[in-house]
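This briefing is meant to be read alongside the sequence and the coordinates. It begins with a loop residue and then moves on by topic.

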Amino acid sequence: MGYRVAQLAHGFAVKNAEAERVSPVFPDKEGALDWLLTAAERRAPRERPCLSCQKPFESKGIHDRLCPACGHRPDDGLGDAQRPVIKSRGN
Ligand SMILES: [Zn+2]
């Protein structure tokens, strides 16, 4: 995974393999560790209920929330359902 808890001047935070801070700053190490575990859980592939039909399916991660039957958009980010899709009419 490459994530670890790092001590900062004013608390603790989770950093990734590139040493970029990816979590909020917590006043104690336990908070950062808890965030890390929660984040790992959220990212891990697991069975999740489909946002559309509520049926559980094998989700590839927190971003993957629609079952194959309801359509799967690759690289769908969080909460961007409103993002306009500009389709090229090019031939
Ligand atoms: Zn579905």
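In this predicted model, A19 has a relative accessible area of 43% and is therefore partly exposed, falling between the 20% and 50% limits. The place of A19 is in the loop between β2 and α1, the latter covering residues 29–43, and the residue has a positive phi of about 65 degrees although it is not a glycine. Most residues other than glycine have a negative phi.

**Overall architecture and confidence**

- The protein has one helix and four strands, and these elements follow the pattern β-β-α-β-β when read along the sequence.
- Of the 91 residues in the protein, 26% are buried, while the accessible surface comes to about 7,000 Å², with 53% of it belonging to carbon and sulfur atoms.
- Among the contacts in the protein with a separation of 6 or more, 7% are accounted for by residues 24 or more positions apart.
- The average pLDDT of the protein is 83, and 79% of the residues score at least 70; among the elements, the lowest mean pLDDT, 86, belongs to strand β3 (residues 46–49), and the highest, 96, to β2.
- Where pLDDT is low, the predicted coordinates should not be read in detail.

- Strand β2 (residues 11–15) is largely enclosed by the rest of the structure, because five of its five residues are buried.
- In a regular strand the side chains alternate between the two faces of the sheet.
- In β2, G11, A13 and K15 point one way whereas F12 and V14 point the other way, and all of these residues are buried.

**The zinc site**

- The zinc ion is coordinated at 2.3 Å by the SG atoms of C50, C53, C67 and C70, and these donors follow the spacing C-x2-C-x13-C-x2-C along the chain.
- The angles among the four donor atoms are 107 to 113 degrees, and the site of the zinc ion is tetrahedral.
- Ideal angles at a metal are 109.5 degrees for four tetrahedral donors.

- R46 has its place in strand β3 and is partly exposed, with a relative accessible area of 36%.
- Leaving aside residues up to four places away in sequence, R46 touches E41, F57, E58 and S59.
- R46 and K60 are 14 residues apart in sequence, and the distance between them in space is 6.6 Å, C-alpha to C-alpha.
- Q54 lies in the loop between β3 and β4, the latter covering residues 56–59, and its phi is near 70 degrees, a positive value in a residue other than glycine.
- With a relative accessibility of 53%, Q54 lies over the 50% limit and so counts as exposed.

How values were computed:
Residues are numbered from 1 along each chain as its sequence is written. This is a predicted model: local features need pLDDT of at least 70, side-chain atom pairs count only at pLDDT 80 or more; totals for chains, interfaces and linings use all residues. Side-chain values use heavy atoms; hydrogens and water are left out. Donors are N, O and S atoms within 2.8 Å of the metal (3.2 Å for Na, K and Ca); water is not among the atoms, so sites may look incomplete. Four donors count as tetrahedral if all angles lie between 85 and 135 degrees; four count as square planar and six as octahedral if opposite donors are over 155 degrees apart and all others between 65 and 115; anything else is irregular. Buried means under 20% relative accessible area, exposed over 50%, partly exposed in between (1.4 Å probe, protein chains only). Helices (H or I, at least four residues) and strands (E, at least two) are DSSP runs, numbered from the N terminus. pLDDT is the predictor's confidence in each residue, from 0 to 100. Contact means heavy atoms within 4.5 Å. Accessible areas come from the Shrake-Rupley method with a 1.4 Å probe; for residues, only the protein chains shown count as cover.
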